[in-house]
Amino acid sequence: MTAPHQPSSHQPSAHRPTTEELTTSALAEAQPDQALLERYRESLLGVFGTPQRVLVRGSGATVWDADGREYLDLLAGIAVNALGHAHPLITSVVASQSATLGHISNFFTSPTQVALAEKLLQLSAAPEGSKVFFTNSGTESNEAAFKLARRHGGADRPRIIALEDGFHGRSMGALALTWKPAHREPFEPLPGGVEWVPAGDVEALRQAVDPTVAAVVVEAVQGEAGVRGMPEGYLQAVREITREAGALMIVDEVQTGVGRTGEWFASTDARPDAMTLAKGLGGGFPIGAMITFGEQVSGLLSAGQHGTTFGGNPVATAAALATIHALESGDVLQNVRRVGAATAAALEQLELVTEVRAHGLLIGFDVDGGDRGDDGGPALAPAMVSAALEAGFIINAPGPHTLRLAPPLTITETQMMRFVDALPGIHRAAKETL
């Protein structure tokens, strides 16, 4: 179908398709991929650039585009689709809850909201007095954590310490915590008081943290930096340093939480004061959360000091409960550990791979590309993303020499080995384009 005609003030109104017509047409029309991409360019704000494909259907770890081509999805919506696409339990629960009660605002609560909060407190082994605040995304969870830090600090503790190479979101508060200048500088001035120290450097952190610091914000694994975990004992050191200075320890587990690393949470060994979640929590349905540990921290934000319109709505919380149930009942975390380890071992055997960093099914690896991309010229990893797509695989390049895999947690070893076996050919094809 053609795009709806937009009449001028001098023309009679043309027929505007109904919601049913638009939905049916978008799903069923036989328009090719390139035609839909052209419509995208004319109608959507270009903050994401041009999409690589128009995807129309998914099942498990497989998706199909508008031209009928099939792809193995090894990115899962950037670690979002924890159970893959169109998981029968998720689709059933979302449909059932939508038909029962969809949105109610936070003037009210629902059984699914209460049950999900209780489940997250149980999974995180939260002490008495701990609480949950529901959001719609990772950046919104980190916004809540930023305000929590400000409430803890006040005028006496104006400083917040974050880590170099960290990424916490693109809204203004979360962006202020994010390291990469290219993300921040176009939008300055941002909320102030944020300072950065080298990731994993205990002594640098110790020197930076004093009684003027409200909070230290860390990721257990820095996904956007190329899947780089913290050194052994680092999170415990953060916990010790913040406790001594009276500062909060806030862990961003937006990408690593809810089973991605093979454990429910990657920061289990050093309980923080607050933890932020999103991505895989809803199995593809938008939902995030901030967990505050203990009565004192949970009391920092009182009625009217923060809020969200859609956060914790019945459909989102039902989807999250279904996701957690499927992860528990299907021994999925064991699958994450087993398949993640097998994939890392297979990648390490490839001559083209120079380093592998695996945390369950969050895997980053560097590829041999000489100096490509270091001088501002074409980089190999992004070229490999394009070559992989042509070969039927969806992957991501967070750096000029780095590729990232974050597939559904239910993916099989056989599926992962298909990609590993295809990687040398993808590498060759990419190099030929540069």
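This is a predicted model: local features need pLDDT of at least 70, side-chain atom pairs count only at pLDDT 80 or more; totals for chains, interfaces and linings use all residues.
**Exercise 1. State which strands pair with strand 12, and whether its residues are buried or exposed.**

Solution. Step 1: strand 4 pairs with strand 12 in the antiparallel sense over five bridges. Lys131 is the residue opposite Thr292 of strand 12. Step 2: strand 11 and strand 12 also run antiparallel, joined by four bridges. Here Leu277 faces Ala289 of strand 12. Step 3: five of the five residues of strand 12 are buried (buried means under 20% relative accessible area, exposed over 50%, partly exposed in between, with a 1.4 Å probe and protein chains only). Gly288, Met290 and Thr292 lie on one side, Ala289 and Ile291 on the other, and both faces are covered.

**Exercise 2. Describe how helix 6 and helix 10 lie on the strands.**

Solution. Step 1: helix 6 (residues 138-153) packs on the seven-strand sheet. Among the strands it touches are strand 4, strand 5 (159-163), strand 7 (213-219) and strand 12 (288-292). Touching is contact, meaning heavy atoms within 4.5 Å. Step 2: the direction of helix 6 makes about 25° with that of strand 12. Axes are lines fitted to C-alpha atoms, for helices over the stretch in contact, and angles run from 0 to 180 degrees between N-to-C directions. Step 3: helix 10 (residues 234-245) lies across strand 5, strand 7 and strand 10, at about 150° to strand 10.

**Exercise 3. Work out the relative direction of helix 4 and helix 12, and list what makes their contact.**

Solution. Step 1: helix 4 (residues 88-100) and helix 12 (residues 314-329) pack at about 155°, their axes 9 Å apart. Step 2: the two helices are therefore roughly antiparallel (angles under 35 degrees count as roughly parallel, over 145 as roughly antiparallel, 65 to 115 as roughly perpendicular and the rest as oblique). Step 3: helix 4 contributes Leu89, Ile90, Val93, Val94, Gln97 and Ser98 to the contact, while the residues from helix 12 include Pro314, Val315, Ala318 and His325. Step 4: the contact residues divide into 10 nonpolar, four polar and no charged. In this count Ala, Val, Leu, Ile, Met, Phe, Trp, Tyr, Cys and Pro are nonpolar, Asp, Glu, Lys and Arg charged, and the others, Gly among them, polar.

**Exercise 4. Trace the pairing from strand 1 to strand 3.**

Solution. Step 1: the sheet is open, with four strands in the order 1-2-3-15 and mixed pairing. Strand 1 (55-59) and strand 15 (393-394) are its edges. Step 2: strand 1 and strand 2 run antiparallel over four bridges, and Gly58 has Val63 as its bridge partner in strand 2. Two residues separate these strands in their hairpin, where Gly60 takes a positive phi near 60°. Step 3: three bridges join strand 2 (residues 62-65) to strand 3 (residues 70-73), again antiparallel. Val63 stands opposite Tyr71, and Trp64 is bridged to Glu70. This hairpin has four residues between its strands, and Gly68 takes a positive phi near 85°. Step 4: Thr62 and Trp64 point one way from strand 2, Val63 and Asp65 the other, and all are buried.

**Exercise 5. Decide whether His183 and Glu232 are buried or exposed.**

Solution. Step 1: His183 lies in helix 8 (residues 181-184). With a relative accessible area of 18%, His183 is buried. Step 2: Glu232 sits in the loop between strand 9 (228-229) and helix 10. Its relative accessibility is 82%, so Glu232 counts as exposed.

Key. Residues are numbered from 1 along each chain as its sequence is written. Side-chain values use heavy atoms; hydrogens and water are left out. Two strands pair if DSSP finds at least two bridges between them.
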